[in-house]
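Me: I would like to learn how to read a structure of this kind feature by feature, with the criteria stated as we go. Could we begin with the chain itself in view?

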Amino acid sequence: MKRGLYLAPFDRLADPRLLADLAGRAEQCGWDGLFLWDRIAYPPPGRAVADPWVALSAIAMTTETLRIGPMVTPLARRRAQKVARETVTLDHLSGGRLTMGAGLGDPADLGPFGEVVEPRERARLLDESLDRLDGFWRGGFHPLPVQRPRIPVWVAASWPHRRPVRRAARWDGLFPIGLPGPEELAVLAEEVAQAREDEGHFDLVVEVPPGAGVQRWAAAGATWVLTSFDPQPPESVVREVIEAGP
């Protein structure tokens, strides 16, 4: 099981230089990954929000081993061809350390900007975009990603909905949101295993608050446990968790 940090690039953490500095220290302290929320806006109005892709590029330049990625990008509001260029470029910049987190997104972050809000249409656009990305990564665009045959994809799913779980089973990982506990993760792990029929490695990714125990999650099948900060804490709190190590 690997350990990562899950940060919202808001307020003080909207500074990409600070995020890069925190990532470098996290790597030194033994953390395996660092993932950023992908939001355009977040309450309250006027809150500072950083672009995760630019911030991840800064992080890629200051680290060597951390796995990085957005958690999660709502592909319904993105153009697949642009995301393909961004992801491959970042995969090369990081030396093959990018994971693409994808999901439906939050309507509160979509509606105010005229984006699609209806769930079924967002789901359709998500599936369409993932298929197009797969094609671009496998040779539709050049250069190819460092990671072959393509960049790994983790798909978010809100508990207890199952359609997103079935979607995730077609890719490389599941990021279930709102899980009551490890017992429910074990249920999802069994469902994914049955759907995939031993098609290779698959990640089960969960988030926990700082200081939470992780062994029960590992026993339930988690391959990644992310320490999550929500609501966003002061910089000092993040540094304290980083320094304590995974």
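Me: In which loop does Pro160 lie?

Reply: Helices (H or I, at least four residues) and strands (E, at least two) are DSSP runs, numbered from the N terminus. On that numbering, Pro160 is placed in the loop between strand 6 (153-158) and helix 5 (163-169). A cis peptide bond, with omega about 5 degrees, joins Trp159 and Pro160.

Me: What should I know about the numbering and the origin of the coordinates before reading further?

Reply: This is a predicted model, in which local features need pLDDT of at least 70 and side-chain atom pairs count only at pLDDT 80 or more, while totals for chains, interfaces and linings use all residues. Residues are numbered from 1 along each chain as its sequence is written, and side-chain values use heavy atoms, with hydrogens and water left out.

Me: Which other residues are joined by a cis peptide bond, and where is Val72 found?

Reply: Most residues other than glycine have a negative phi, and most peptide bonds are trans. Here Met71 and Val72 are also joined by a cis peptide bond, with omega about 0 degrees, and Val72 is found in the loop between strand 3 (67-70) and strand 4 (73-74).

Me: What is phi of Asp11 near, and is Asp11 buried or partly exposed?

Reply: Buried means under 20% relative accessible area, exposed over 50%, and partly exposed in between, with a 1.4 Å probe and protein chains only. Asp11, a residue other than glycine, has a positive phi near 50 degrees; its place is in the loop between strand 1 and helix 1, and at 37% relative accessibility Asp11 counts as partly exposed.

Me: How many helices and strands does the protein chain have, and why is it called as compact as a globular protein of that length?

Reply: The protein chain has 8 helices and 9 strands. Its radius of gyration is 17 Å, close to the 18 Å that the globule rule gives for 246 residues, so the chain is as compact as a globular protein of that length. The radius is taken over C-alpha atoms, and the rule is 2.2 Å times the number of residues to the power 0.38. Along its principal axes the C-alpha trace spans about 40 × 40 × 35 Å, and 53% of the 246 residues count as buried.

Me: What share of the contacts comes from residues 24 or more positions apart?

Reply: Contact means heavy atoms within 4.5 Å. Among contacts with a separation of 6 or more, residues 24 or more positions apart account for 69%.

Me: How many aromatic pairs does the structure hold, and which residues do ring pairs link into a cluster?

Reply: Rings of Phe, Tyr and Trp (its six-membered ring) pair if their centres lie within 6.5 Å; planes under 30 degrees apart count as stacked, over 60 as edge-to-face and the rest as tilted. The structure holds 9 aromatic pairs. One of them is formed by Tyr6 and Phe175, which are edge-to-face at 5.7 Å centre to centre, with 85 degrees between the planes. Tyr6 lies in strand 1 (residues 2-7) and Phe175 in strand 7 (residues 173-177), so this pair ties together parts that are 169 residues apart in sequence. Tyr6 is buried at a relative accessible area of 7%, and Phe175 is buried at 1%.

The rings of Phe10 and Trp37 have centres 5.4 Å apart and planes at 85 degrees, so that pair is edge-to-face. Both Phe10 and Trp37 are buried. Ring pairs link Tyr6, Phe10, Trp37, Tyr42 and Phe175 into a cluster.

Me: Which residues is Pro152 in contact with, leaving aside its neighbours within four places in sequence?

Reply: With those neighbours left aside, Pro152 is in contact with Arg67, Leu98, Thr99, Met100, Gln147 and Asp172. Pro152 lies in the loop between helix 4 (119-140) and strand 6, and is buried, with a relative accessible area of 18%.

Me: Which residues does Gly221 touch, not counting residues up to four places away in sequence?

Reply: On that count, Gly221 touches Leu185 and Leu204. Gly221 has its place in the loop between helix 7 (215-219) and strand 9 (224-228), and at 27% relative accessibility Gly221 counts as partly exposed. Ala189, whose place is in helix 6 (residues 182-196), is in contact with Leu204 and Ala220, leaving aside its neighbours within four places in sequence.
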